[in-house]
Each structure stands twice: as structure tokens, then as C-alpha cells.
Amino acid sequence: MSLSIGLVVHASRRGVFEEAVEPLSGISLKWVTYGHEQEIRPRVQSLVDGHALDGLLVGAVPYRACRDVLPHTLPIAVTRSSALDLALALAQAQARGWQAVPVSIDTFDHEVVSEVTEALHLDRTRVTCLPYVDDQSVDEICAFHQRSLHDGDGYVITARTAVLRQLRGVLRALNGSPTPSSIRSELHELLLRIRSERAGAAGFAAGVFCVSRHGCPGDLERSRRDLLHLLRATPELTDGWIENRGRRGVVVLGHRTLFERLSRDWLAVPVLGRAQESLGVRVAAGFGAGPSARTSVVLAERAAARAESENRPCGYLMEDGGLVIGPIGPGGQSAGQPSARPHRDQGDRMRELARTVGLSPATLSRLTAIEHDVAGRTVTPSELADAMAITDPSGRRLVRKLHAHGLVTFEGCAQTHRKGRPTGVYRLAIVAALTGSADGHALETM
């Protein structure tokens with residue numbers, strides 16, 4: 001069955017997107033084309049009302065205009081200009097016979113600009129950069145370029161169509177918008193994420209809930225029976241198989257989505273708080289996700305044992321790939337950090353932030369747990385890749401994505417190996433984004 005994907009593009013970019021999607025198969029495309037920003041919201045509203053979409057590919061400017069009408073469950077990818085797009089724009093300048101520097105660049109992140117200028121051996125002191133933020137106006141961007149190139153020398157690289165139009169006849173300017181290959185890569189990533197999330201949702205998982213020996217003032221057997229009744233009355237576990245598991249424990253079997261709902265996407269396990277309030281017992285929860293029921297239960301038992309060692313109501317998730325998330329508190333706590341909001345509101349924020357960045361809520365929850373584990377220390381992309389059980393190139397792409405939205409801060413470079421190039425070091429800032437009042441930065445525009 002083909003996936004139905006919506007694409008929201010400026011009319012001037014329709015041909016570029018058509019070239020990008022031409023080689024792809026197994027998808028059905030639903031186009032929204034606009035000429036002016038005020039057209040975006042009603043047209044996207046009509047799209048989501050009239051079609052059962054599996055995903056949406058959109059630029060940052062249209063995303064800002066329409067995000068309030070998008071369903072929370074709809075997977076979204078926001079196109080962003082890449083290092084390749086910047087390198088191609090610089091090559092285009094060279095082909096026109098322009099001096100490589102000075103150059104004034106907007107939309108691209110500082111790290112991307114540094115990476116490309118270093119690779120091309122350009123004088124970084126003659127390269128100015130204005131990264132994309134959500135509330136930038138076209139006039140502000142153009143004023144930045146005019147200040148940067150006040151003597152009239154040099155040229156501009158911009159990913160904003162309106163900026164190109166406004167600078168025409170004022171400064172030399174090149175288009176740094178995503179090329180077909182970059183758009184195709186973003187769409188591939190979106191399709192993989194949709195299929196991966198569906199496969200993961202259909203995958204098997206288990207939960208083991210144990211009454212703590214130290215947190216139970218009365219009869220363990222009776223407390224376990226009371227816990228069993230409480231879990232059977234929990235709405236999120238309606239579709240699960242719940243049974244006794246030894247003298248202190250209860251096991252729950254079901255699809256992974258069942259436990260994601262129960263844990264608010266691995267942010268909090270409110271049933272643990274209810275157990276302490278209504279039953280007067282401390283409960284440790286372990287969740288396991290593996291290729292079979294047996295493996296899932298074994299992982300859940302290990303996770304429950306680790307949660308019990310915390311000496312407080314909490315849970316852990318363990319996957320067969322080695323991933324561990326926790327401790328997950330009973331309500332308003334995740335990764336050991338107190339939340340400034342109720343857990344339901346933070347869960348909504350997690351889902352909204354994950355969608356903006358182009359990650360799943362579970363992945364963002366994993367990163368939140370890693371941030372707790374590193375306790376403010378800086379990490380390299382390779383270290384983050386190890387913690388996430390992904391490859392080093394995937395780790396570097398993940399860091400770029402997080403950095404583009406203010407979820408990591410660049411702290412400089414370090415020589416991690418005697419031979420080889422220095423690598424960037426970063427400090428995670430996801431907890432602050434989740435608990436703060438600001439919405440954070442948007443993604444780069446098309």
C-alpha cells in the first residue's frame with residue numbers, strides 16, 4: 001500500500017520538488033502550492049480535512065503559518081538547507097567568476113557554515129552568517145546582508161525567495177534553498193520514520209510491575225493483588241494481557257504503543273503515583289521491547305530490577321538493542337528531572353517539539369534521559385551515537401538537527417584522537433526546551 005504524503009511548497013519551487021520526488025515510488029503525493037504566506041493556512045487546512053495523510057513535507061515558513069491546524073499524530077518533516085546546498089551555492093559563485101569571499105549567508109546554521117568554509121579553506125573572518133529563527137522578517141534579513149556587505153563588495157547566499165526578490169538590483173545574491181537531492185533525502189527520512197514507527201507500534205513489548213519489599217507496609221501478596229486490580233482498571237492497559245507474575249509482580253503484554261500511551265511517550269508513568277496514593281505501596285515498573293514475547297519479558301524484568309534499586313516509584317525501559325531510558329517518574333518527572341508543568345502538558349510539548357524537529361517522541365525522550373545521565377557534561381556526536389545505539393554518521397546528522405532547533409549548544413572543538421580532525425563538542429538542552437515557556441527555534445526555511 002502506498003503512503004499518502006502532503007507537500008507544501010512555494011509556487012516558484014514546485015519544479016524543484018517535482019524533480020526531487022520523480023524517482024520515488026510507493027507514495028501518493030498531495031500538493032499544496034502557494035504564492036503568498038496568507039494562502040498557506042486555509043489550503044493546508046483543506047488538505048488535512050480532505051485527505052487521510054500519512055505524512056507531510058513542509059518548509060519552516062509554511063510550517064509556522066499552519067502548525068496549529070496540523071493533527072498531533074501526523075508525522076512531519078521540515079525541509080532545511082544542508083551543507084551540500086551551501087557548498088553548491090559557493091561553487092555557483094565561483095563558476096560566475098566571483099571571489100569566494102566576502103559572502104553573507106542567511107538561514108544556514110553556524111555549524112554548517114563553519115564546516116563548509118573549513119572544508120573549502122575559505123577565510124571564515126570574511127563570512128557572515130544569520131541563522132534562521134522563527135520571527136525573522138525579510139526586511140531584517142536584507143538589512144543584515146547590507147550591513148555585512150556595506151562596501152558593496154561580495155555577495156549573498158540566501159534560502160529565502162522573498163529575500164532574493166528584495167535584494168535584486170541591490171546586492172549580488174544566490175539561491176541556497178534545498179536542492180532536489182536534499183529534498184529527496186528529507187522525504188526518504190520521513191518515509192523511513194513513518195514505516196519505522198508503524199513497525200515499532202506493531203512490535204511486541206512487556207511491562208513488569210513489582211511491589212517493592214521496602215515500600216510495602218503490609219502483606220506483599222495482598223498488595224500484589226491490589227496492584228493487579230489497579231492495572232486492570234487502568235484505561236491505557238485495556239488492550240493488554242495482564243497476569244500474575246510471582247509473589248510481588250504483575251506482567252502486562254501488548255503492543256509497544258500500549259506502553260507508550262501508559263508512559264506518556266516515556267515521560268511519566270502516572271499509574272505508579274496512583275498505586276502509592278490509593279494502595280499505599282511503592283511500585284517499580286520495567287518495560288522491555290524485543291523481537292519476541294519471551295525476550296520482552298526478560299528485558300522488562302531487568303528494567304524492573306533497576307527501577308527497584310532507585311528506592312522510589314519509577315520505571316525503566318530496556319530494548320534488545322541496548323537502549324535504556326529512565327528513571328521515569330510517576331508524574332511530571334522524566335530522567336530524574338522535576339517538571340515545571342503537569343505530565344500531560346509536558347507530553348504534549350514533547351510531541352510538538354519532536355514533530356518540529358523531525359524526530360519521534362520516543363527518540364526525544366531517549367535524548368532527555370541521556371541528558372540526565374551526562375549531568376551537564378559536553379558530548380561529541382560520536383558519544384551521542386553510542387548512547388543512542390546508532391552509527392556515527394547518524395549521530396552527526398542528529399546533532400545537526402538538534403543544533404538547528406536550539407536543543408544542543410555548540411561548546412567548541414576537541415581533539416579526541418591524536419590523528420584526525422578535531423570534533424565538535426555539545427551540551428544537550430532538551431530539558432530546558434521542554435520545561436521552558438518559549439516554543440524554541442523553528443527549523444530552517446526552504
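Student: Before we start, what does "buried" mean here?
Tutor: A residue is buried when its relative accessible area is under 20%. Over 50% counts as exposed, and partly exposed lies in between. Keep in mind that we are looking at a predicted model.

Student: Thanks! So are Phe 209 and Phe 287 buried or exposed?
Tutor: Phe 209 and Phe 287 are both buried.

Student: How are their rings arranged?
Tutor: The ring centres of Phe 209 and Phe 287 are 5.9 Å apart and the planes sit at 85°, so this pair is edge-to-face. Phe 209 belongs to strand S9 and Phe 287 to strand S12, so the pair ties together parts that are 78 residues apart in sequence.

Student: How many aromatic pairs does the structure hold?
Tutor: There are five aromatic pairs in the structure. Through ring pairs, Phe 209, Phe 259, Trp 266 and Phe 287 are linked into a cluster.

Student: Let's talk about the largest nonpolar core. Which residues have the most contacts inside it?
Tutor: That core has 30 residues, and those with the most contacts inside it are Phe 209, Leu 231, Val 252, Trp 266, Val 271 and Phe 287. Two or more residues come from each of several elements, including strand S9 (204–211), helix H9 (220–232), strand S11 (249–255) and helix H14 (361–374).

Student: Which element gives the largest share?
Tutor: Helix H9 does, with five residues. There is also a second, separate core of 23 residues, and among its members are Val 399, Leu 407, Val 408 and Ile 430.

Student: Are Arg 256 and Glu 319 buried or exposed?
Tutor: Arg 256 and Glu 319 are both buried.

Student: And what about Asp 68, which partner does it have?
Tutor: Asp 68 forms a salt bridge with Arg 41, and the closest N and O atoms are 2.7 Å apart. Asp 68 sits in the loop between helix H3 (60–66) and strand S4 (76–79), while Arg 41 is in helix H2 (residues 40–50), so parts 27 residues apart in sequence are tied together. Asp 68 has a relative accessible area of 53%, so this residue is exposed. Arg 41, at 38%, is partly exposed.

Student: Which residues are linked in a network of salt bridges?
Tutor: That network links Glu 221, Arg 224 and Arg 225.

Student: Okay, sheets now. What is the strand order in the sheet that contains S1?
Tutor: The order is S2-S1-S3-S4, an open sheet of four strands with parallel pairing. Strand S2 (27–34) and S4 are the edge strands, each pairing on one side only. From one strand to the next, the twist averages 20°.

Student: How many bridges do S3 and S4 share?
Tutor: Strand S3 (residues 55–59) and S4 pair in the parallel sense over four bridges. Gly 59 has Thr 79 as its bridge partner in S4.

Student: Which strands does helix H1 touch?
Tutor: Helix H1 (residues 14–21) packs on the sheet and touches strand S1 (3–10), S2, S3 and S4, with its direction at about 170° to that of S2. Helix H2 lies across S1, S2 and S3, running at about 155° to S2.

Student: What about the sheet with S5, what order do its strands have?
Tutor: This open sheet of four strands is ordered S6-S5-S7-S8, and the pairing is parallel. Strand S6 (127–131) and strand S8 (173–175) each have a single partner strand, so one side of each is left without a neighbour in the sheet.

Student: And where does helix H4 lie?
Tutor: Helix H4 (residues 83–95) lies across strand S5 (103–107), S7 and S8, at about 150° to S7. Helix H6 (residues 138–148) packs on the sheet as well, touching S5, S6 and S7, and makes about 160° with the direction of S5.

Note on methods
Residues are numbered from 1 along each chain as its sequence is written. This is a predicted model: local features need pLDDT of at least 70, side-chain atom pairs count only at pLDDT 80 or more; totals for chains, interfaces and linings use all residues. Side-chain values use heavy atoms; hydrogens and water are left out. A nonpolar core is a set of buried Ala, Val, Leu, Ile, Met, Phe, Trp, Tyr and Cys residues joined through side-chain atoms within 4.5 Å. Buried means under 20% relative accessible area, exposed over 50%, partly exposed in between (1.4 Å probe, protein chains only). A salt bridge is a side-chain nitrogen of Lys or Arg within 4 Å of a carboxyl oxygen of Asp or Glu. Two strands pair if DSSP finds at least two bridges between them. Contact means heavy atoms within 4.5 Å. Axes are lines fitted to C-alpha atoms, for helices over the stretch in contact, and angles run from 0 to 180 degrees between N-to-C directions. Rings of Phe, Tyr and Trp (its six-membered ring) pair if their centres lie within 6.5 Å; planes under 30 degrees apart count as stacked, over 60 as edge-to-face and the rest as tilted.
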